[in-house]
Amino acid sequence: MAPHTEQLTRPAVQLRGLTRSFGDRTVLDGIDLDLPAGQFTALLGHSGSGKSTLLRAIAGIDHGVAGDGRLTAPEGVSVVFQDSRLLPWRRVLDNVLLGADGKGAVARGRAALAEVGLGGRERAWPGELSGGEAQRAALARALVSEPELLLADEPFGALDALTRIRMHHLLRALWTRHRPSVLLVTHDVDEAIVLADRVLVLDQGRIALDLTIDHPHPRSYREPVLGEYRERLLTALGVTEDHQ
Ligand SMILES: Nc1ncnc2c1ncn2[C@@H]1O[C@H](COP(=O)(O)OP(=O)(O)OP(=O)(O)O)[C@@H](O)[C@H]1O
């Protein structure tokens, strides 16, 4: 393979035999996983299945956690969480600039805010933003550095249903423009199906299902064809529609 071809097909994230334990509880039990550059992947699993543990390991923010295995991830990684983690004593633009440095940082910060629909709110304080706006600012802060990899841990989990749908459109639009690899941790099967091109189910410390969602975007929650994917994911999660 020519070097440049290899570069293009190189996975952004590569895990080999990744384990993580808390005391005698093995949470990740030898995970092998490649996330190709530029792919939008969602990670589903029951509460306590280890989704956040996996995300934190990939982000390199799990110092002190016992484990083994090989992990390769890009240097440019941004993480967004369920809460925006904006610093309340810094104005919105200054929060976004925490993710940017170098020449033109302020201009890039302003552009990032405009991109997430917060143009004109640069001088607002985080406390003046709604939950959805704060998550928009968090996305701007995450993307202003043009990361190769965006890790998102339930970023819309605390938002109301309508705001969530708007945020889905926004995240997908941002991904289309910037093309980072995305790993989105979510509890929401529909969110995973509508947003991601590949959905993983974590169960008993392993990837129990690795499903490619081969369907054009934009996707609607109501498309019957997506029901088949839903079924498969719910089955992998041990849930049947009757018992929801
Ligand atoms: N710092 C920690 N110390 C001890 N146990 C932990 C720690 N962090 C996570 N765990 C345990 O590891 C398991 C996996 O937790 P993790 O947060 O990764 O799950 P999750 O799938 O993200 O759950 P949820 O969907 O509820 O956020 C849980 O049993 C949890 O109690």
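**Ground rules.** Residues are numbered from 1 along each chain as its sequence is written. Because the model is predicted, local features need pLDDT of at least 70 and side-chain atom pairs count only at pLDDT 80 or more, while totals for chains, interfaces and linings use all residues.

**The sheet.** I looked up the strand order and found an open, mixed sheet of 6 strands, β5-β6-β7-β3-β8-β9. Strands (E, at least two residues) and helices (H or I, at least four) are DSSP runs, numbered from the N terminus; two strands pair if DSSP finds at least two bridges between them. At the edges I see β5 (77-80) and β9 (206-212), each pairing on one side only.

**Inside the sheet.** Next I checked β3 (residues 40-45) and β8 (residues 198-203): they run parallel, joined by 5 bridges. Glycine 45 has leucine 202 in β8 as its bridge partner.

**Domains.** Domain 1 covers 3-76 + 149-243, and domain 2 covers 81-146. Their C-alpha centres are 24 Å apart.

**Where they touch.** Contact here means C-beta atoms, placed from the backbone, within 7 Å. I find 15 residues of domain 1 in contact with 14 residues of domain 2. On the domain 1 side, β6 (149-153) and α6 (161-178) each supply at least two residues, and α6 gives the largest share, 6 residues.

Note on methods: Domains from an automatic or database assignment. Contact = placed C-beta atoms within 7 Å.
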